[in-house]
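Dear colleague,

I am handing over the structure below, together with some notes on what was found in it. Please read the notes with the structure open beside them.

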Amino acid sequence: MNGTWRLTPKQIALWLLFGGPVVVFAAWAIPDNAPLFFKTLLNGLTLASLYFLVASGFTLVFGLMRNVNLAHGSLYLFGAYVGWFVGEHTGSWVLAVAAGFLSAAVVGLLMQLLVFRFMEGQDLRQTLVTIGLSIVFADLMLWTFGGEIYTFDPPAWIYGSTSLPVIEKFPTFRLFVLLAAMAIGVALWCFLAKTRVGMMIRAGVDDRGMLSASGVNVQLVFATTFAIGAGLAGLAGVVGGTALSISPGEDTRYLLASLVVVIVGGMGSVVGAAIGALLIGLAEQFGLAYAPTYSVVFTFVIMVVALAFKPRGLMGKAA
Amino acid sequence: MSAARWRRAMSASVGVSMPARSADVPRLVPLPVLATPKTFWFERIGARVKPRHLVVLAAALLYPFVASPFFAYQIGAQALALGLIALSLTFLGGYGGMVSLAQMTIAGFAGYLVAIFGTSSVAGVSLGWPWWLAAAFALLGATVLATAIGWLSVRTEGIYTIMITLAVGVAFFYLAQQNYTVFNGFGGFSKVAAPELFGIDFKQPVPFYFVALTAALAGYFLVKHLVRAPFGIALQGIRDNPRRMASLGYHVTAHRVAAYAVAGFLAAVGGLLMVWYNGRISPGTVNLAQMIAILIIAVLGGMRHPIGAFIGAVVYVLLQNFAIDLFVRERFNLVIGGVFLSIVLFSPDGLLGLWAKLRSSLSQTRISQPKRRRP
Amino acid sequence: MRAMKKKVWVRSIVGMAAATALMGSAWAQEALKIGLLSNLEGPFAVPGQDGYRGAEMALKEKNGVAGGKKIEFIKLSSDATPDKAVAMTRKAVEQDKVQVMIGPLSGDEGIAVKNYAKTQPGITFVNGSSGAQATTLADPATNFYRFNSEGAQWMVGLGEHALSKGYKKMFLISEDYGFPYSQVQGFMASYCAKGGKIVDKAWVPLGTKDYASVIAKIPKDIDALFVVLGGSDAVNFLTQYEQTGGSKPMVGGSITVDQTVLNFKGKRRESLLGTASAGPMADSIDTPEWKKFVADYKAQFKDGFPSPSLFAYLYYINTKATLNALDAVKGDLSNGQKAFRDALQKTDFKGPAGDIRIDANRNGVGTTYITEVTKAADGSFYNKVVKAVPNISQTLGLPEAEFKKMGLGSRDVPDCRK
């Protein structure tokens, strides 16, 4: 933040325009059915955490390498499957999470080294390649793992429900996801803000040419970023698979969610991913609770409205 | 700057490569500078029409008479309709540099409007207007939607366009699936039939094929004409270097939105053909797989020339219908994905690019051309 | 000049190859061709394979011959969208020249194929597993035959069973499209009539995975939940419901606690035990015919499911009816297949899960099995048959006039809140 923080009249108007209806709605909903409202709020926050986990990797890759990795959903699913098998064989859920992260990171690394490295600067071609890869991966995974549903078996202390004030019982695992996302978000922010590699990544997001001109091994930075981004997807796969389940088709779902989150939040910004995820997660859950028929369309409406006012996303850099 | 001055300025730099933003979009067509005496229009056409054009045209006209009705309808007419939608993407993406995944959405929206305004199986929603009125409003409505999508997407950098149009397309899919009052939800509309005119039933394979062929030819020539007209040249300039174009006084955003509108119109005509071809429209017609399929078709054929869209469509339709007979049935998606991936990796100009390479390697005479390098 | 000639030569070869490919020659006809349409892509990619298996089982019982002719299946695949189903059917009928068509798999595909059937009066279309009410109730085609019962019929009798277990007030959670509408109507037809109340309906858009907010809306004063979700949605819901500490008993739709759901890979949740459901078949029907069917399936298909799924069963009975009719007329498909169709109408044989016959609308009249999820000796879960309700027709046990007044199932039809 630089200098004084004063809201321009336009910003005040926008806050009123969008904040107003939200406040009115809350004022109606809380007296009407307080447990439902707060449950939905918490559900939205926890869903947002899951979306943040998936989208953070996507926005990192997009921000630094201008690579719209539409195979991100496939990495999510792949990490989830591998994590499941590891979890089954070792009986440890923590190992499953680690396996999910590592396997997806390895695949991401391979993708960067074998394919994308040779397509520097050709944004469109890279995107088309990721589309092709996602189609191929999806079918390979269907072939290998079949179409059955896989569910995870987390340790008993994060399964079950906890009692909270106002809301009687809330799934413990969702609270765990919320905490995990916050922890990972902070870790990611520290990584970007405090470490050398993070500094290079941030510099690259701002100006790739300058980064390379200042003598940094850009390819190494790219490979690291892609690996981390992909690894985050895999980790989110295991976590999401535990909260929900995994089956073919999950890859498209989380890819679309990541897309919307990143578009709304802004390219390359982890904070933007968090804000976008919050908006989308809350919108989806509140929509499902209070207006289920069009809940799915709400998220896209938010995206359209955000784009109409801020074409680069809420936290995106100005053109 | 007037169009004529622009053309002269461009032609003065024939032989110099234009800086292109990415390697995979077509190069600007250089216009020859001729001290032309007044030529008659048929002489000008004669100069540009090659034998291969006539052969292809004749083949297309004679096709339904030599092929079986199934091939004329399911392969021929469907390829032409899909090709027209893919043509809109080729125009927008190849010549405009904006790859929009929402072309199928626009086509589907046109199809839905035809069903809603005209007659269909859902009497509660369809308004029952005469077919030509329904079709006209469908084209108008879809073009308006295309303009809106364009306005939403053009204010951002190029690569954002794919993401935004993808999201918009999926949003429309969910809207159509969930809404029963207008879109009739999951079931969609059936019994949306092509009309009967002058005693010809256009639902039959051969008449419908000719309708599709007419529309496809009209679209093809429209695109070919547009890319040489000032509008198209300016669009390609905007694709290559928007900042320069803006400094020259061109309204970059308006040009792009106009391109979206034109592409939307083409896609709407394609959508009209599709809804008459299928006789029905439902959310399944505009789902994610179909949106990606249009991209696959356009890339498969090659985005450097309008004919690529139709070549891609023919290959795609053939694969779709006969892959099950030739390959392992269950892995159809793997085949299509693999073909698409190989094309993008090894021949980004699609089948047209492959053909060009094949041609140049087969021909004995090697014209040494300075290799056009990107700066 | 040589270069020019070579160019022309190469181009004409390529052109001729393309032309021959596109012209579509007619293949030689010896055997009797029957088109077989199921799903190998899309949401039913894996269960769709079972459809082919069911049809192949029926053919194997006849040793590959019916009506004195060798039968050849032309296999086609759709992806659960009506457009593709019609395109593939059209290919089979017009390109591969099949004379009988079996399929498709899903409800909306069935409606689209039925509409196409009307344009091909000379070909007979037999259903695969599609279970939409409208296929035979709204504007039926005279050459479309469905030997299985449809989604609404599959739930008749479950209402009484729920009431007998004391579930007087229930809350509905269901997917928001055609098939669940039929299922809900089938359940509510008798449930409401006998005094049950569905206090509210939560229609969830297709593709929702996160049911947390829906679960939050479940009222406290209900006796049980009526859950009509399928496949992975069902698993997601059950997991999340248990995680929220929910403990109300459940009544499931036909695909909510079927094989695919009970066989999910992961820890079995004890809360599933006792869930009631209903369908045209069950894993554990205690008749010799069913046991033979299961044994044959297991012997023939080592790569199949542990037990034949719904799709295998449905494709099996439809194919068997077709082959039986062919036998009855000794393969005579002349005169617009009239004799064949009369034979189809007169079908009446004992299938693995009850009698197979059709009504005047060419829709199956069949048995519905009420089941409950039970634990087997080896710890796996299966659906145990509690009751078999025979002779359910499309009027769902109601008098025809009353059924017509109700209309087809939709979000608000039928309704019995208070």
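Which residues in the largest nonpolar core touch the most other members? Before the reply, a word on conventions: this is a predicted model, in which local features need pLDDT of at least 70 and side-chain atom pairs count only at pLDDT 80 or more, while totals for chains, interfaces and linings use all residues. Residues are numbered from 1 along each chain as its sequence is written, and chains are lettered from A and ligands numbered from 1 in the order in which they are written.

The core

The residues that touch the most other members are Y51(A), V54(A), V260(A), I280(A), V114(B), A167(B) and I297(B), in a core of 341 residues. A nonpolar core here is a set of buried Ala, Val, Leu, Ile, Met, Phe, Trp, Tyr and Cys residues joined through C-beta atoms within 7 Å. A residue is called buried if 20 or more other C-beta atoms lie within 10 Å of its own, exposed if 12 or fewer, and partly exposed in between, with C-beta atoms placed from the backbone. Helix 4 (residues 69–95) of chain B gives the largest share of this core, 18 residues, and at least three residues come from each of domain 1 (32–149 + 288–362) and domain 2 (153–279 + 368–406) of chain C. Helices (H or I, at least four residues) and strands (E, at least two) are DSSP runs numbered from the N terminus, and domain bounds come from an automatic or database domain assignment. Leaving aside residues up to four places away in sequence, V54(A) touches Y76(A), A233(A), A236(A), Y254(A), A257(A) and S258(A), where contact is counted if the C-beta atoms of two residues, placed from the backbone, lie within 7 Å.

Chain A and its contacts

F116(A) sits in the loop between helix 4 (93–114) and helix 5 (123–145) of chain A, and this residue is buried because 22 other C-beta atoms lie within 10 Å. Not counting residues up to four places away in sequence, F116(A) touches N67(A), M111(A) and Q126(A), and its C-alpha is 8.7 Å from that of V129(A), a residue 13 places apart in sequence.

Between chain A and chain C, the contact takes 32 residues from chain A and 29 residues from chain C. On the side of chain A that touches chain C, two or more residues are given by each of helix 2 (34–65), strand 2 (169–171), helix 11 (270–290) and helix 12 (295–309) of chain A, with the largest share, 5 residues, coming from helix 2 of chain A. That side divides into 14 nonpolar, 13 polar and 5 charged residues, where Ala, Val, Leu, Ile, Met, Phe, Trp, Tyr, Cys and Pro count as nonpolar, Asp, Glu, Lys and Arg as charged, and the others, Gly among them, as polar.

Chain B

Chain B has 15 helices and 4 strands, and 49% of its 375 residues count as buried. In its contact with chain A, 34 residues of chain B meet 34 residues of chain A. Helix 7 (158–178), helix 12 (288–301) and helix 14 (332–346) of chain B are the elements that give two or more residues to this side of chain B, and helix 7 of chain B provides the largest share, 12 residues. By class, the side of chain B that touches chain A has 24 nonpolar, 7 polar and 3 charged residues.

Chain C

The centres of domain 1 and domain 2 of chain C, taken over C-alpha atoms, are separated by 27 Å, and the contact between these domains takes 17 residues from domain 1 of chain C and 14 residues from domain 2 of chain C. The domain 1 side divides into 6 nonpolar, 9 polar and 2 charged residues.

Chain C also holds an open sheet of 6 strands in the order 2-3-1-4-5-6, with mixed pairing; two strands are said to pair if DSSP finds at least two bridges between them. Strand 2 (65–66) and strand 6 (144–145) of chain C are the edge strands, each pairing on one side only. Strand 2 of chain C runs antiparallel to strand 3 (residues 69–78) of chain C and is joined to it by 2 bridges, and V65(C) has K70(C) as its bridge partner in strand 3 of chain C.

Elsewhere in chain C, strand 11 (residues 276–279) is covered on both faces, with A276(C) and A278(C) buried on one side and S277(C) and G279(C) buried on the other. Strand 11 of chain C pairs with strand 14 (residues 364–375) of chain C in the antiparallel sense over 4 bridges, and T371(C) is the bridge partner of S277(C) in strand 14 of chain C.

With best wishes
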